[in-house]
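I opened this notebook to record what I looked up in one structure.

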Amino acid sequence: KIVTKATTVKIKKTKFIGLLEIKFDIFSDKRGNFIKIFNKSNSKFFKNDCYESYINTSKKGVVRGLHGQLGKHSQDKLIYCIKGKIVDLALDLRKNSKTYGKLYKKKISAKDSTAIFIPKGFVHGIVALEKETIIVNYCSTPYNQSNEFGIRLDSLPVKFKNLKLIFSEKDKMLPTYNEFIKKNI
C-alpha cells in the first residue's frame with residue numbers, strides 16, 4: 001500500500017510476475033469525483049517515465065488488440081477505464097516466464113477505480129463491454145509502427161457470450177496464436 005498526500009494506492013500482485021492490479025481511492029464531493037491515476041513520485045510499479053498517453057473511445061463489442069512492440073520499443077503499460085467497462089487482456093510472451101503463453105483477463109470499469117499495469121513482454125488488448133467505453137493508456141516508450149506485432153484475440157480460448165465482437169481490418173490480419181508461436185520458436 002502506497003500513501004501520498006492526495007491518494008492511497010493499493011497494489012495487488014497477480015500470478016503473472018510484474019503484472020499488477022492497482023486500486024485507487026475515489027475522492028467524491030457534491031461536484032463529482034477526483035482520482036489520481038498517475039504520479040511519477042510514487043510510481044514504484046511504473047519503472048520508466050511515462051513517454052506517451054492515449055485515450056480511446058470504443059463502442060460495445062470493439063476489440064483493440066492484442067498488440068505489442070519488439071525489442072527496445074517494448075512497452076510497460078498502465079490501463080485505466082474512464083467510462084464504461086472493459087475486459088482487459090494480456091498474453092505473456094516472456095519465454096523464461098512461468099506463465100509464458102497464459103492469458104490474463106480482468107473486467108475493470110470506471111466505477112471500480114482499478115488500473116492494470118502490464119510489464120514489457122506481453123501483448124495487450126481490450127474488449128469494450130458498454131456502448132461508450134473510454135480508456136486511458138500510459139506507455140513507457142513511444143509507439144513505433146515498424147516494431148509493432150500482434151495476435152488475433154479470437155484465436156485464444158476466451159469467449160464473450162452475447163457480444164458481437166468488432167475487429168479493425170488491421171486486427172483481422174494478425175496471425176493466430178498458433179501461427180505466432182510456430183514462427184517465433
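The entries below follow that order.

**Entry 1: model.** I note at the outset that the model is predicted.

**Entry 2: sheet.** I looked up the strand order and found an open sheet of five strands, running β10-β9-β12-β7-β14. The pairing in this sheet is antiparallel. I recorded β10 (103–109) and β14 (148–150) as the edge strands, since each pairs on one side only. From one strand to the next, the twist averages 25°.

Entry 3: I then examined β9 and β12, which pair in the antiparallel sense over seven bridges. For I86 I looked up the bridge partner, which is A128 in β12.

**Entry 4: cores.** Which residues touch the most other members of the largest nonpolar core? I found L89, L91, V127, L153 and F160, out of 20 residues in that core. At least two residues of this core come from each of β7 (63–69), β9 (85–92), β12 (122–128) and α2 (177–183).

**Entry 5: cysteines.** How many disulfides does the model contain, counting sulfur pairs within 2.5 Å? The count comes to zero. C139 counts as buried because its relative accessibility is 2%, and the cut-off for buried is under 20%.

Notes:
Residues numbered from 1 in each chain as written. Predicted model: local features only at pLDDT ≥ 70, side-chain atom pairs only at ≥ 80, totals over all residues. Heavy atoms only, no water. Core = buried A, V, L, I, M, F, W, Y, C linked by side-chain atoms within 4.5 Å. Buried < 20%, exposed > 50% of the residue type's maximum accessible area, 1.4 Å probe, protein only. Helix = DSSP H or I, 4+ residues; strand = E, 2+ residues; numbered from the N terminus. Pairing = 2+ DSSP bridges. Axes fitted to C-alpha atoms, helices over the stretch in contact; angles between N-to-C directions. Disulfide = S-S within 2.5 Å.
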